[in-house]
Amino acid sequence: MRVLIVDEGLERCAVAAARALAARGWTVGAGSAPPNLAARSRATSAWHRIPHTDDGEELFIDSVNEVVGRHGYDAVFVTWEAAVAALSAHRDRLRFPVGYGPHDGVLHAMDKERLMRTAERAGLAVPTTVHATSESLSRLSGAIIVKPASPVDAKFAAASFASPSDALQQARLIEQAGGRPIAQQQLRGSLIAVSLVAGAQGVVSIAQQVAVQVWPRPVGVTARGRTVAVDAGLRARIERLLEELQDRKSTRLNSSH
């Protein structure tokens, strides 16, 4: 099997994925706009220049299709939300299959404002989340996280603010870029992640990790993590979340949370 991993140029997760797939016998290609970290790995056999979605969704789709057709890749993995949304929206034009569910469900799963409500119904604890207005921000205490509800609409990293006024300025920047700003109370504690792959027959692979280091600080993602035993209760709630998303004609149980 031949797989193409397309990233934004700096993701270490692409290197980790390439190593894991190569170790299982896959031939792995790397794609990005500038040469990426994965291209420098011995796990990858080739690098292909693929324009970023910021340069135009049509250009991105056409380039991925051209590379797949020329080099015979069987599957394509992308590492950022706008690319997932682009592949999902144009799946009928692609020269390779995608494991996504209906497009509306893909967008639902990416929309943090909508997903929070769905997750809460599934029994998962979620932080207080509000649309970032002057009135709602004044009701939050402590550090405030502001970010776009959907990274497809506006590309801003989550940022932490000590005062509602500073948070409101960021919210207005997101609105000016075409996004819907949301605000959350910043939580303290360990960052954990559960990643899984599932299909019509249920979960086929699942792993849970605890972050040892995060980056960037103070609001970031796992830079180094430690694998731990999967919490059975947490798994059950995640499965309920995925079932509800599926019932809403959402993602076809192929997710990472």
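Okay, a definition to start: buried means under 20% relative accessible area, exposed means over 50%, and partly exposed is in between, with a 1.4 Å probe and protein chains only. Now take strand β11, residues 221-228: of its 8 residues, the number buried is 0, so it lies largely in the open.

Before I go on, a word on what we're looking at. This is a predicted model, where local features need pLDDT of at least 70 and side-chain atom pairs count only at pLDDT 80 or more, while totals for chains, interfaces and linings use all residues. Residues are numbered from 1 along each chain as its sequence is written, and side-chain values use heavy atoms, with hydrogens and water left out.

When I say helix or strand, I mean DSSP runs numbered from the N terminus: H or I with at least four residues for helices, E with at least two for strands. Two strands pair if DSSP finds at least two bridges between them.

So, who does β11 pair with? That's β10, residues 202-215, joined to β11 by 7 bridges and running antiparallel. A hairpin of 5 residues links β10 to β11, and glutamine 208 has valine 228 in β11 as its bridge partner.

Next, the open sheet. It has 4 strands in the order β3-β2-β1-β4, with parallel pairing. β3 and β4 (75-78) are the edge strands, each pairing on one side only. Between β2 and β3 there are 5 bridges, and valine 28 has threonine 44 in β3 as its bridge partner.

Let's stay there for alanine 33, which sits in the loop between β2 (27-32) and β3 (44-49). Contact here means heavy atoms within 4.5 Å. Setting aside neighbours within four places in sequence, alanine 33 is in contact with Trp47, Arg49, Ile50, Pro51 and His52.

Last stop, two helices: α3 (residues 81-89) and α4 (residues 103-110). Their axes come within 9 Å and cross at roughly 170°. Axes are lines fitted to C-alpha atoms, for helices over the stretch in contact, and angles run from 0 to 180 degrees between N-to-C directions. Under 35 degrees counts as roughly parallel, over 145 as roughly antiparallel, 65 to 115 as roughly perpendicular, and the rest as oblique. α3 and α4 are therefore roughly antiparallel to each other. On the α3 side we have Glu81, Val84, Ala85, Ser88 and Ala89, meeting His103, Val106, Leu107 and Met110 in α4.
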